[in-house]
Amino acid sequence: MNRKYRKTIVAGNWKMHKTPAETKAFAERLKSSLPRVKRCSIVLCVPYVDIPAAVKLLKDSRVAVGAQNLHWAPNGAYTGEVSAEMLADLDVKYVIIGHSERRTLFGESDLIVNKKMHAALAAGLRPILCVGEDWDQRQLGVTLELIAYQLKAALAGVSPEDMRRVVIAYEPIWAIGTGNTATPEQAGEVCSAIRGMLRKLYGARIARSTTIQYGGSVNAANIEDLLDQEDVDGGLVGTASLDIAHFIEIIRSANQDGY
């Protein structure tokens, strides 16, 4: 990573884990155990029902609260959905958009991802846009072409000014929750290519300042090697973010000198 031009961000993604009571206990421990963080930003993306508890407990800390999804419409007959305005009113700062589980399990298309990007940005949220390939696509050698398409589709109509608030997360689907982390070199190659794609879309200055995370079985053992890559600026952390000790260790690694 390169702190001269961009921010390092470690974001935990709890997925469908932890009740509000468990969130309260986790947040209290996180606040009391968190090291002095100067060199990276911390985000905790929790289930909808946990957001009020997380926001209340982490309000005066260095941890921002994020959501894991949203609906593109400001309101309407969308039973069970939550809008960007609702999240913003709860003091949510970030929202994950286009996660592979949303794409594969819930059928979210690139068009839907784009609509959600615009909804999030209009409400003042910072999107964490996820892109990535599955194992068959990697084997076919079409990883970069696929991600270029995902980026172009998701960012269609997003202005350069709004792009400054977007975080990109490269998450190879074959590495999510499998323990099969991409090698640092594989992660670095794709994140570097993503920066090149952003350069074509928005110019060198915005590309250089955009935070690009790696997501896919990130843990305390591999985070330092991943962050050694020039274009890997943090992690979108799944399972390891559920364990307070593991999550803090990842934060310590991202916060240390030497990058």
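Where is Thr210 found? Thr210 lies in the loop between helix H10 (204-209) and S7; helices (H or I, at least four residues) and strands (E, at least two) are DSSP runs, numbered from the N terminus. The model is predicted, so local features need pLDDT of at least 70 and side-chain atom pairs count only at pLDDT 80 or more, whereas totals for chains, interfaces and linings use all residues. Residues are numbered from 1 along each chain as its sequence is written, and side-chain values use heavy atoms, with hydrogens and water left out.

Thr210 is buried, with a relative accessible area of 3% (buried means under 20% relative accessible area, exposed over 50%, partly exposed in between; 1.4 Å probe, protein chains only). The side chain of Thr210 reaches the backbone oxygen of Ile206 at 2.7 Å. Contact, defined as heavy atoms within 4.5 Å, is made by Thr210 with Arg6, Met163, Val166, Ile168, Arg195, Leu198 and Asp233, not counting residues up to four places away in sequence. Thr210 and Thr23 are separated by 187 residues in sequence and by 30 Å in space, C-alpha to C-alpha.

Strand S7 (residues 212-215) holds Gln213. The relative accessible area of Gln213 is 0%, and Gln213 is therefore classed as buried. A polar atom of the Gln213 side chain lies 3.0 Å from the backbone oxygen of Ile9. Residues touched by Gln213, not counting those up to four places away in sequence, include Ile9, Val10, Ala11, Ile128, Cys191 and Leu236.

Leu30 belongs to helix H1 and is likewise buried, with a relative accessible area of 0%. Leu44, Leu58, Val63, Ile244, Phe247 and Ile248 are touched by Leu30, not counting residues up to four places away in sequence. Between Leu30 and Leu57 there are 27 residues in sequence and 9.7 Å in space, C-alpha to C-alpha.

Helix H1 (residues 20-33) packs with helix H12 (residues 244-255) at an angle of about 40°, the axes being 11 Å apart; axes are lines fitted to C-alpha atoms, for helices over the stretch in contact, and angles run from 0 to 180 degrees between N-to-C directions. Phe26, Arg29, Leu30 and Ser33 in H1 meet Ile244, Phe247, Ile248 and Arg252 in H12.

Charges also sit over rings, a term requiring NZ of Lys or CZ of Arg within 6 Å of the ring centre and within 35 degrees of the ring normal. Lys18 lies over the face of Trp14, at 5.5 Å from the ring centre, and Arg102 over that of Phe106, at 4.2 Å.

Note on methods. Polar contact = N/O pair within 3.5 Å; in protein donor to acceptor, adjacent residues only side chain to side chain.
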